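Hi there,

Here is the structure I promised to pass on to you. Have a look at it first, and then read my notes below.

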Amino acid sequence: MTNKVTLIATAAMGLEAIVGKEVRALGYEDVQVENGRVVFKAEPSAIPRANLWLRTADRVKLLVGKFKAYSFDELFEKTKELPWEQFITEEGEFPVVGKSVKSKLYSVPDCQSIVKKAIVERLKKKYGIASWLKETGAFYRVEIALHKDEALLTIDTSGSGLHKRGYRVGQGEAPLKETLAAALVQTTNWHPDHPFVDPLCGSGTIAIEAALIGQNIAPGFNRSFASEEWSFIQQTDWDQAFQEAEDLANYDQPLNITGSDLNPELINIAKQNAIEAGLGELVTWKQMQMTDFKPKQDNGYLVSNPPYGERMGDREEVEQLYRDLGSIMRDYPSWSVYILTSYEKFEELYGKKATKKRKLFNGFIKTDYYQYFGKHVKK
Ligand SMILES: C[S@@+](CC[C@H](N)C(=O)[O-])C[C@H]1O[C@@H](n2cnc3c(N)ncnc32)[C@H](O)[C@@H]1O
């Protein structure tokens with residue numbers, strides 16, 4: 001019987017419930033959805049699976065301990081009591097990063113060096129080392145996060161953030177984070193049998209994430225993770241997780257996904273990104289003015305992240321774009337339309353109240369996700 005570990009899948013504000021749903025879909029049951037994170041208990045084999053499969057989480061962190069700390073002494077002693085040797089090997093390299101919010105211990109550099117010293121002391125004792133720890137081995141990024149005097153000590157299992165799928169070779173001015181793009185797609189009830197279009201696709205993030213979802217391709221399939229080097233996770237757990245991803249990918253699922261954009265350079269970048277993602281020619285890319293978009297089939301899904309018109313001079317153009325989109329889509333009631341924008345009067349210009357709205361952050365920009373549900377026609 002393996003000991004369970006506590007994992008924290010971090011999430012952008014507004015995406016927590018979607019991350020929680022993804023964690024449950026992986027089969028984990030002890031799941032708590034909190035602000036900015038989803039906490040769950042599972043066997044260590046969940047580390048490879050969560051990193052490979054979570055489309056909307058930022059990172060997966062391993063919780064080492066949690067306690068109240070009002071003084072540096074307390075922080076030192078309680079950190080030293082934690083079983084670091086269960087995770088970090090004798091040669092492990094473990095830089096400590098930190099943050100502190102509304103806490104008595106507010107000096108982050110001091111907290112970091114105290115945590116570092118406490119772990120060093122613990123490991124030296126456990127490994128029977130009198131001199132320096134070499135730190136030439138696997139990489140363990142330790143984080144001390146203080147919030148209202150509660151210290152949370154974690155080790156990052158992901159390495160680079162999970163939005164880095166490994167397919168982005170180029171991008172436009174305002175690319176959407178892959179994790180947010182995946183969340184936009186997952187919020188719809190699009191099924192790969194239906195047409196899917198992003199007529200303002202930029203570097204193609206939404207269409208590419210839709211294609212990965214459509215064929216059930218694990219988003220982390222093309223990259224590596226910091227914890228692949230960790231010895232407390234069995235190599236067979238990684239092998240099985242990659243094998244599972246291979247087995248579950250449905251490369252035979254036909255897709256009807258199109259991305260178009262006015263800018264030919266971005267269409268080229270989108271094409272290259274799709275190739276890098278292993279999608280080859282599966283997504284159709286077109287250089288096209290949005291007003292030329294004309295659905296040819298019923299029951300489609302339009303999901304897009306248009307320009308927001310936040311820069312001086314762009315506003316009128318963007319307002320006209322929103323009006324045009326509304327008047328085009330009015331003639332296709334079987335289509336569902338999903339638009340992410342920070343423009344507060346979007347519904348007025350589009351000419352219709354959204355069926356549903358959801359508040360989301362695109363980086364630091366406060367946006368709404370306007371959702372118009374189409375009325376599917378029977379074929
Ligand atoms: C915010 S960006 C989309 C970014 C994209 N989601 C990504 O991840 O790269 C908006 C895109 O709309 C395109 N665009 C603006 N006006 C357009 C129009 N009238 N027709 C087609 N594309 C347009 C721009 O070229 C830009 O790439």
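What follows is a short tour of what I found.

Two things on conventions before the details. This is a predicted model, in which local features need pLDDT of at least 70 and side-chain atom pairs count only at pLDDT 80 or more, while totals for chains, interfaces and linings use all residues. Residues are numbered from 1 along each chain as its sequence is written.

**Overall**

The secondary structure of the protein chain comes to 10 helices and 14 strands (DSSP runs numbered from the N terminus: H or I of at least four residues for helices, E of at least two for strands). Its C-alpha trace spans about 75 × 45 × 35 Å along the principal axes. Of the contacts with a separation of 6 or more, 77% come from residues 24 or more positions apart (a contact means C-beta atoms, placed from the backbone, within 7 Å).

**The sheet**

Seven strands make an open, mixed sheet, ordered β2-β3-β1-β4-β7-β6-β5; strands pair if DSSP finds at least two bridges between them. β2 (31-34) and β5 (96-101) are the edge strands, each pairing on one side only. From one strand to the next, the twist averages 25 degrees (axes are lines fitted to C-alpha atoms, for helices over the stretch in contact, and angles run from 0 to 180 degrees between N-to-C directions).

Five of the six residues of β1 are buried, so β1 is largely enclosed by the rest of the structure. β1 pairs with β3 in the antiparallel sense over six bridges, with T6 opposite K41. Five bridges join β1 to β4, again antiparallel, and I8 has K61 as its bridge partner. Further along, β6 (141-147) and β7 (150-156) are antiparallel over seven bridges, and E143 stands opposite T154. Helix α2 (46-53) packs on the sheet, touching β1, β3 and β4, at about 10 degrees to the direction of β1. Helix α4 (108-127) also packs on the sheet, touching β5 and β6, at about 135 degrees to the direction of β5.

Helix α6 (205-214) is mostly covered, with nine of its 10 residues buried; among them are T205, I206 and E209. These buried residues pack against α5, β8, β9, α8, β10 and β11. After α6 comes N216, with a positive phi near 50 degrees.

The ligand is surrounded by 20 residues, the closest being L200, G202, T205, L262 and M290 (C-beta atom, placed from the backbone, within 6 Å of the molecule). That shell divides into 12 nonpolar, seven polar and one charged, where Ala, Val, Leu, Ile, Met, Phe, Trp, Tyr, Cys and Pro are nonpolar, Asp, Glu, Lys and Arg charged, and the others, including Gly, polar.

T367 lies in strand β14 (365-372) and counts as buried, with 22 C-beta neighbours inside 10 Å. Leaving aside residues up to four places away in sequence, T367 touches L340, T341, S342, L360, F361 and N362.

Best wishes

Notes
Contact = placed C-beta atoms within 7 Å. Buried ≥ 20, exposed ≤ 12 C-beta atoms within 10 Å, placed from the backbone.
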